[in-house]
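I opened this notebook to record what I looked up in the structure, entry by entry.

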Amino acid sequence: MPMNQTPQSKDALKTEEYWINMGPQHPSTHGVLRLVMKLDGETVLQIVPHLGYIHRSIERMCEWDTYPQLIHFTDRMDYLSAMMTNWAYVQSVEKSLGVVVPERAEYIRVMVAELNRLSSHTMWFGAYCMDLGAATAFFYGFREREMVVDLFEALCGQRLTYNYMRIGGVAKDLTEDFVPRVKAICETIKRAVDEYKALVSGNVIFQQRTKGIGILTPEAAISYGCSGPVLRGSGVKFDLRKDEPYSVYPRLDFDVPTGAAGDCWDRYQVRIEEMLQSVRILEQCINQLPGGAVQADVKAVRPAKGEYYARLETARGDMGVYFVSQGAAKPYRMKFRTACFNNLACLPEIGVGWKVADVVSILGSLDVVIPDIDR
Amino acid sequence: MIDSNAALTASDLIQQLILRPGPTLSQVVGPALKAYVMGHGGFSEAGYHALVAFLCANAMAGFVTVTALVLTLAERKVAAFFQNRKGPNRVGPWGLLQPIADVLKLLQKEDIVPRAADKPVFLLAPFVGMIATYMVLAIIPFDKGLAVTDLNIGVLYITAVSGLGVLSILMAGWSSANKYSMLGGLRSAAQIVSYELSPALVVLSVVLFTGTLSVQAIVEKQGQGWNLWAMGPMGVVGLLIYLVAGTAEINRAPFDLPEAESELVAGYHTEYSGMRFSMFQLAEFMNMFIIAALTATLFLGGWQPLAIAGHRLLETVGPDPLDPAKTVVLFAIPGYVYFFVKTALVVFVIMWFRWTFPRVRVDQLMKLEWKILLPLSFVNLIAVALWAAAGFGK
């Protein structure tokens, strides 16, 4: 500043902006995400996410395996909705082959998908509260999740990467105690959600940390391609289970919760309500569950030459599987359209102007799983 | 001196030490020691006082170490029970030897000093924090007459000295040569300095009501009724303000932004390891103990038994065992037991806060102090002034 100029009060104190690095090793980035932020004091001016720390070339590896062999890759992308990601993939292959999945298998798929949604949302709840400082809620969320994960272990032998779906059905039939355990889980979740509401939703500090923070307008959400609770939190009532129904969802009665303002609070509320809706779906499935085979008789999996696409609603949003077949036993190109990639894309816009602590809150409310982004 | 108390046997002495340590130490043990040291040891009067100061310092150091270790275990057990699990239970029954295992572990750690760190400041920071802690502990009365020292401006001294802790945090944050630590240190400085004000005003209201700055006198006066109810509704409001602001002053959740793990890894003590880190932890736990002790002292009657409107529980009046001519109050339960139970309850409440509430954001924290707690404490002060002027609680 030239010496002969009288400094105005705003410019008299020289301040500097600085760049800070959050991650890739950081307790709150839910995986290996590097957020480079430009800060002015505590206020965030710019966020630049750096991805790729867990890029494992899954899509390239899919070109080396036959279609049934590469189901296990889909577990390892969004590992918190592994059942649903499995399902998205086998659904696209079944579409290409024209396979009719037996009814019992469809009901089992819906049940395990909704149970997976429950386990994903309870884990998200725990992690989100822990990010905001309420460490005890983490244990409460995991207590409920443990019931679902134990059930899956009895069902398919795995707690996280299930590899349960097969082209034409599911790998194996339900165990004998599956239905009673699902009933117990439904009861527990209803009680647990009341507890979460009392402990966390009703807490003034929590509300102050989430209400009005990180507002995502519906137009911005649609333009970034956000989906799932991020989109519904902004007020856009779009759920693939209702709008492009697949499997036996048309026969099931459930609501799609939406938010009003598009802030972290709304995204939180949408997920809490979704847990209750999943319980509704599970209870109906238990009543409607038919007998029969759990796997269709699929011979050789060689989709005809062409491009195929199928999508479904995972816990995080719209998961799409696109592949190009040249008529061989292995795909020519496999592409996964993951929900988290687009959901994270809106962070540089909605995170700017808030404090560092709010960025943690916003990132948590977007519920991103980084391996889903990097693949 | 011992000769004039010829009737006092060894078992009597021990019993009096347990039941009434304050008077026993000052009237029996002190003079006996003085006689021995000046007579046989050839100390001067000043030498005797120096010896007493040395012994008190050692006693306090021992007390602080043991209490801080016990509190680390208590924190882990309390946290565990809130979180539906058990906490340490392998090392010793109920995990009682866990703190010892922790200390041994920390002692073995490599002492890392970052190359870019400002070395003298970096090395000194933990000790400055401990110094501030010890200084406040010096005047907290554990029982009648049982405090390291009793200043007649005790409350003023506490308010002045408790702000020294911020120096340690600033030193640690600045000298670590780490952006996260610096952020943590600066946040904490703003926080502690702001939250000095409300507790000071609340304590001022207690002083106004009691009419003295001396901490011992404040506790003595609560013999007729704890300040919590003797001060009317202002006692409750004052206690709540003091507890909330005190939790903020010691950087504990929900106000633990300076060490918010999910945002700044570990804030101002990120770069510390081994024993230096444990000094920060000890200072934090002892600060928690101090806030709890001060809450108990100022509002819950300190070492006094339960007293409401002149009625006291569980005590009798009888001849003084040390001087049968006088009549004194004889407690059935020693005063320090009351003190520790009250302090333990408040410590539990502070831990309860930590494991229940999410963290408050830094600007919300400032707003809470400057826009809510401070005006409330002013109103509280005026209300207490009117209450005292109207003659209640005299």
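This is a predicted model: local features need pLDDT of at least 70, side-chain atom pairs count only at pLDDT 80 or more; totals for chains, interfaces and linings use all residues.

**Entry 1: Confidence in chain A**

I then looked up the chain as a whole, and chain A averages a pLDDT of 90. In chain A, 96% of the residues score at least 70.

**Entry 2: Dimensions of chain A**

How many helices and strands does chain A have? I recorded 16 helices and eight strands for chain A. Its radius of gyration is 22 Å, close to the 21 Å that the globule rule gives for 375 residues, so chain A is as compact as a globular protein of that length. Along the principal axes, the C-alpha atoms of chain A fill a box of roughly 90 × 50 × 35 Å. I noted that 49% of the 375 residues in chain A are buried. Of the contacts in chain A with a separation of 6 or more, 70% are between residues 24 or more positions apart.

**Entry 3: Dimensions of chain B**

I repeated the look-up for chain B, which has 16 helices and four strands. The box filled by the C-alpha atoms of chain B, taken along the principal axes, is roughly 65 × 55 × 45 Å. Buried residues account for 41% of the 394 residues in chain B. Among the contacts in chain B between residues at least 6 apart in sequence, I found that 76% join residues at least 24 apart.

I next followed strand 2 (residues 34–40) of chain A, which pairs with strand 3 of chain A in the antiparallel sense over seven bridges. Within strand 3 of chain A, Pro49(A) stands opposite Leu35(A), and Ile47(A) is the bridge partner of Met37(A). The hairpin of strand 2 and strand 3 of chain A has two residues between the strands. In this hairpin, I noted that Gly41(A) takes a positive phi near 75°.

I found another open sheet of three strands in chain A, in the order 6-7-8 and with antiparallel pairing. Strand 6 (306–313) and strand 8 (333–337) of chain A are the edge strands, each pairing on one side only. Neighbouring strands of this sheet are turned by 15° against each other on average, direction ignored.

Strand 6 of chain A runs antiparallel to strand 7 (residues 318–325) of chain A, and eight bridges join them. One bridge to strand 7 of chain A has Ala310(A) and Val321(A) as partners. I then looked for what lies across these strands: helix 4 (residues 82–97) of chain A lies across strand 6 and strand 7 of chain A. This helix runs at about 145° to strand 6 of chain A.

**Entry 4: Where chain A touches chain B**

I counted 25 residues of chain A in contact with 21 residues of chain B. Which elements give two or more residues to the side of chain A that touches chain B? They are strand 1, helix 5 (103–132), helix 6 (135–156), helix 8 (204–210) and helix 15 (356–366) of chain A. By class, the residues on this side of chain A divide into 14 nonpolar, five polar and six charged.

**Entry 5: A loop residue in chain B**

I located Gln108(B) in the loop between helix 4 (98–107) and helix 5 (119–137) of chain B. Is Gln108(B) buried or exposed? Gln108(B) counts as exposed, because 9 C-beta neighbours lie inside 10 Å. Gln108(B) and Met275(B) are 167 residues apart along the chain, and their C-alpha atoms are separated by 8.6 Å.

Key
Residues are numbered from 1 along each chain as its sequence is written. Chains are lettered from A and ligands numbered from 1 in the order in which they are written. Two strands pair if DSSP finds at least two bridges between them. Two residues are in contact if their C-beta atoms, placed from the backbone, lie within 7 Å. Ala, Val, Leu, Ile, Met, Phe, Trp, Tyr, Cys and Pro count as nonpolar, Asp, Glu, Lys and Arg as charged, and the others, Gly among them, as polar. Axes are lines fitted to C-alpha atoms, for helices over the stretch in contact, and angles run from 0 to 180 degrees between N-to-C directions. A residue is buried if 20 or more other C-beta atoms lie within 10 Å of its own, exposed if 12 or fewer, and partly exposed in between; C-beta atoms are placed from the backbone. pLDDT is the predictor's confidence in each residue, from 0 to 100. The radius of gyration is taken over C-alpha atoms; the globule rule is 2.2 Å times the number of residues to the power 0.38.
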